[in-house]
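Biologist: I would like to learn how to read a structure like this one, feature by feature. Please show it to me, and then start with confidence.

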Amino acid sequence: MEYILHLLIFISIYIILAQSLSLTAGFSGLISLAHVGFYGVGAYTTAILSVNYGIPFLVTLPLAMLLSGLIAIVVSTISLRTVDDYFIIITLGIQVVVFSVMNNWQVLTRGPLGIPGIPSIKILGFPFDTKISFLLLSLFFVGIVWFLLNNISRSPFGRVLIALSEDEIFTKSLGKNVYKAKIISFTISAMFASIAGVLYAHYISYIDPTSFTINESIFILSIVIIGGMRNLWKIALAAAFLVLLPEALRFVGMPNSIAANMRQIIYGIVLIMVIFKNSDNFKSRSSFYTS
Amino acid sequence: MQLILNILVSFSLLLIVSFSFHQLYQVAKFFHLAHAVTITFGAYFTYLFSVQLGWSLCIAITLAIICAVVIPAMMEILIYKPLRNQGTSSWKMLIASLGLYVILQNLISMFWGDDTKSIRTWSVKTGHNFFGAYITDVQIITIAVSVMLFVGVLLFLRFASLGKQIRAVSSNEELSNIFGISSDRVILWGFIIGSTLAAIAGILIALDTDMTPTMGFHVLLYAVVAMIIGGVGSSKGLIGGALLLATAQHLSAYYIDSKWMDATAYIILILFLIWKPLGFSGKRLKKVEI
């Protein structure tokens, strides 16, 4: 039972991550590999603040969101000067820089040693230290993020994003500020990603840079791609599927030493298969009118 | 003086890797990130043949290059070519190549383990004294081989028949199809040439420092940065980009700390994007200029 609850908590964290990435990657067509960087910024902000200064969760969460939002604004203003494949490479670079800050700024982040002993969440005196209560809390956040993303995507702003991902020049000619819309969507998605990071840090109670590598970015991107880029329901299902898939390896009796590698290999294979299957522009065919 | 020599060594490695990647990008028109694994395979196959099987280094290196080139050629035939025929857009090809990279890199970690391996069976020497600085045999070989390969491939592209076809396809694929050049065949050759360069670079890196399963990705990221700084579509720009990057990295390692070399590379890239978004020379990155 504990095991199932643990998996459900992980699924909800990944739903937040993947749905927030879907705002940039799916709706505005900016494939970002830096998403895990913002996830890590959230986790590290809350860890440092709550371990070193004992600041409660209700304060660290907005601070984490604010910090990753600020980083996202700065970073996207620069990186959005490029388009398409170049943008992907730049986000890859941002991810590398964030990782190297986490790994090397030892005064602040303790480097590869990681930060242990992150306290469990306490809201107004009520501790969320059992798995079932934490699951309810994270489902609450999934609900909020889902609701907000759903509304954003239906709002006039969401329509601008969809339009610019289909034809940027045409959207510009309608008098929409494409550059600003891209920056806003990138920032919102980074802020949501940091919520997932805060939850992760308090749940695991220990973080180190290896949880926030480029492989994790590829994993989240594959959830979004498998979920069909813009469909929030399907992305949630894809998150559940991809989190549960390697758990099947446990029951096959795979030795632990190669299980981690096998997990990555399975993700890679699934990713390539999906690209093969959907290669006739699944991006523009998705839920423009239905959602 | 030691600093200049170090810069020269990493410059030549960077040059050859970014040249090989650029070569592939010109022909195939997408970022083949699984190129990283070719570099790693070059090193690990050499390790397999020379240390684990105990063959002589010459045979081992030759076999390793062949094996490391066969893998990307298979990728091109089995995965990229069908995708291209379906009309997949270039960012999806990029994602597919990331998937391939993840698969192959984890296969390497499964077979050889994550720890550092070395193919240097000989004892470490202090190296030659060169105006008060030290340079090892391997580093001299690295510089010589890189420069020779760079010039050689450039001459090949300019004068050989196949090289001309490669240039034709990279400038306009449809038009060269009309003129009877099979673009699939030329792209395959582009993969073979680029991968050969990458495998050689991997072996040189492994001879100089040691190897880990993720070494290829690090090198490739630097190479991509050098390529973007230099401006896509120009070999002279590549030289400038690689030189600037190598200099900046070694200066930062010398004055700040060697662990910030990754960050330095990307900060330079960002500065370039702000003030000179086109690189030293090269094509526009924007879709349309209004």
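Modeller: pLDDT is the predictor's confidence in each residue, from 0 to 100. Where pLDDT is low, the predicted coordinates should not be read in detail. This is a predicted model, in which local features need pLDDT of at least 70, side-chain atom pairs count only at pLDDT 80 or more, and totals for chains, interfaces and linings use all residues. Residues are numbered from 1 along each chain as its sequence is written, while chains are lettered from A and ligands numbered from 1 in the order in which they are written.

Biologist: Where in chain B is confidence lowest, and where is it highest?

Modeller: The lowest mean, 70, belongs to strand E1 (residues 128–130) of chain B, and the highest, 89, to helix H8 (residues 183–208) of chain B. Helices (H or I, at least four residues) and strands (E, at least two) are DSSP runs, numbered from the N terminus. Chain B averages a pLDDT of 82, with 92% of the residues scoring at least 70. The model scores are ipTM 0.81 and pTM 0.85.

Biologist: How many helices and strands does chain A have?

Modeller: Chain A has 14 helices and 2 strands. Its radius of gyration is 19 Å, close to the 19 Å of the globule rule for 291 residues, so chain A is as compact as a globular protein of that length. The radius is taken over C-alpha atoms, and the rule is 2.2 Å times the number of residues to the power 0.38. Along its principal axes, the C-alpha trace of chain A spans about 55 × 45 × 35 Å. Buried residues make up 47% of chain A; buried calls for 20 or more other C-beta atoms within 10 Å of a residue's own, exposed for 12 or fewer, and partly exposed is in between, with C-beta atoms placed from the backbone. Of the contacts in chain A with a separation of 6 or more, 79% join residues 24 or more positions apart.

Biologist: And what pattern does chain B follow along the sequence?

Modeller: Chain B reads α-α-α-α-β-β-α-α-α-α-α-α-α, with 11 helices and 2 strands. A compact globule of 290 residues would have a radius of gyration near 19 Å, and the 19 Å of chain B agrees. In chain B, 74% of the contacts with a separation of 6 or more are between residues 24 or more positions apart.

Biologist: How should I read a pair of helices?

Modeller: Two packed helices are described by the angle between their axes and the distance between the axes. Take helix H1 (residues 2–27) and helix H10 (residues 214–226) of chain A: the axes come within 9 Å and cross at roughly 70°. That makes H1(A) roughly perpendicular to H10(A). Axes are lines fitted to C-alpha atoms, for helices over the stretch in contact, with angles from 0 to 180 degrees between N-to-C directions; under 35 degrees counts as roughly parallel, over 145 as roughly antiparallel, 65 to 115 as roughly perpendicular and the rest as oblique. Among the residues that meet are A:Tyr14 and A:Leu17 from H1(A), and A:Ile220 and A:Val224 from H10(A). By class, this contact of H1(A) with H10(A) has 9 nonpolar, 2 polar and no charged residues. Here Ala, Val, Leu, Ile, Met, Phe, Trp, Tyr, Cys and Pro count as nonpolar, Asp, Glu, Lys and Arg as charged, and the others, Gly among them, as polar.

Biologist: How many residues does the contact take from chain B and from chain A?

Modeller: It takes 38 residues from chain B and 33 residues from chain A. On the chain B side, H4(B) gives the most, with 15 residues. That side has 27 nonpolar, 6 polar and 5 charged residues.

Biologist: What about backbone angles?

Modeller: Most residues other than glycine have a negative phi, and most peptide bonds are trans. Phi of A:Ser205 is near 65°, a positive value. A:Ser205 sits in the loop between helix H9 (178–204) and H10 of chain A. B:Lys29 also has a positive phi, near 65°, and lies in the loop between helix H1 (2–28) and helix H2 (35–52) of chain B.

Biologist: Why is B:Lys29 classed as partly exposed?

Modeller: Because B:Lys29 has 16 other C-beta atoms within 10 Å.

Technical notes. Contact = placed C-beta atoms within 7 Å.
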